[in-house]
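Here is a friendly walk through one model, with its sheets, helices and a few residues taken in turn. Please keep the 3D view open as you read.

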Amino acid sequence: MNPAFRFSVLRRALALLPLVWLLTAFAPPKLKKVDVAKNLTVGVPADFQPLPDDAIATKYPAARKPLAVFSNPAGRIDYSIAARPTTFTNQDYALLLKIYESKLKSTYTKVDILTHDIKTINKRDFIVLEFVSTLGDTRRGREMMAPLRRYELMQYAIEGGQQYVFHFISPVEEQAQYQPVAQAIMQSVELK
């Protein structure tokens, strides 16, 4: 084969390589389907593992434990699903969106809202809040800790007198890597 021709083919192949990388970088992550309850199925990344009850109790201390919590192998990224009784209905989503957004702003030192909307996913409406939260140390003195910054995606739905809360959390340093994963996870929720 002619060396000039071989060089030309190699040059074209190398020119296409960034395009291939770009296309695969935006490919949706592979999710495995998990039945969380009889009426609820979610998609979870294959390397995420369910936390056992004792780990959930330690990481999420509350009177009502989440239905499930999945964590990446390093334990830095969590996806939790919780349910609790409510008197609201899906007709109250516009009001609830305002309430939840206000609650976020009072819970954290700073909240940068990326998305706040009511979206239809798998033929069901969900309240969606995507944001970067900052929780600063408000103590006085020399031992103040650096602010804790996290990327969070929350999704809410009401079904049969229950409010379902889907919550994805990662350190803000990993937002670029995990934001598409979080969005794919939330798109996979099937609530019947």
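Helices (H or I, at least four residues) and strands (E, at least two) are DSSP runs, numbered from the N terminus. Contact means heavy atoms within 4.5 Å, while axes are lines fitted to C-alpha atoms, for helices over the stretch in contact, with angles from 0 to 180 degrees between N-to-C directions. The model is predicted, so to speak plainly about limits: local features need pLDDT of at least 70, side-chain atom pairs count only at pLDDT 80 or more, and totals for chains, interfaces and linings use all residues. Residues are numbered from 1 along each chain as its sequence is written, and side-chain values use heavy atoms, with hydrogens and water left out.

**The seven-stranded sheet**

Let us begin with the sheet that runs β3-β4-β5-β9-β8-β7-β6, an open arrangement of seven strands with antiparallel pairing. Two strands pair if DSSP finds at least two bridges between them. Strands β3 (49-50) and β6 (110-121) each have a single partner strand, so one side of each is left without a neighbour in the sheet.

Helix α3 (residues 93-107) packs on this sheet, where it touches β6, β7 (124-135), β8 (148-159) and β9 (162-171). The direction of α3 makes about 10° with that of β7. Helix α4 (residues 175-187) lies across β5 (78-85), β6, β7, β8 and β9, and runs at about 160° to β9.

**Strand pairs**

| Strands | Bridges | Facing residues |
|---|---|---|
| β3 and β4 (residues 68-71) | two | Gln49 and Ser71 |
| β4 and β5 | four | Ser71 and Asp78 |
| β5 and β9 | eight | Arg84 and Gln163 |
| β1 and β2 | six | Lys33 and Gly43 |

**The three-stranded sheet**

A further open sheet has three strands in the order β1-β2-β10, again with antiparallel pairing. Its edge strands, β1 (31-37) and β10 (190-191), each pair on one side only.

Where does Asp47 lie? Its place is the loop between β2 (40-45) and β3. For accessibility, buried means under 20% relative accessible area, exposed over 50%, and partly exposed in between (1.4 Å probe, protein chains only). Asp47 is partly exposed because its relative accessible area is 40%. Leaving aside residues up to four places away in sequence, Asp47 touches Ser71 and Pro73. The C-alpha atoms of Asp47 and Asn72 are 6.3 Å apart, although 25 residues separate the two along the chain.

Is Glu101 buried or exposed? This residue of helix α3 has 13% relative accessibility, so Glu101 counts as buried.
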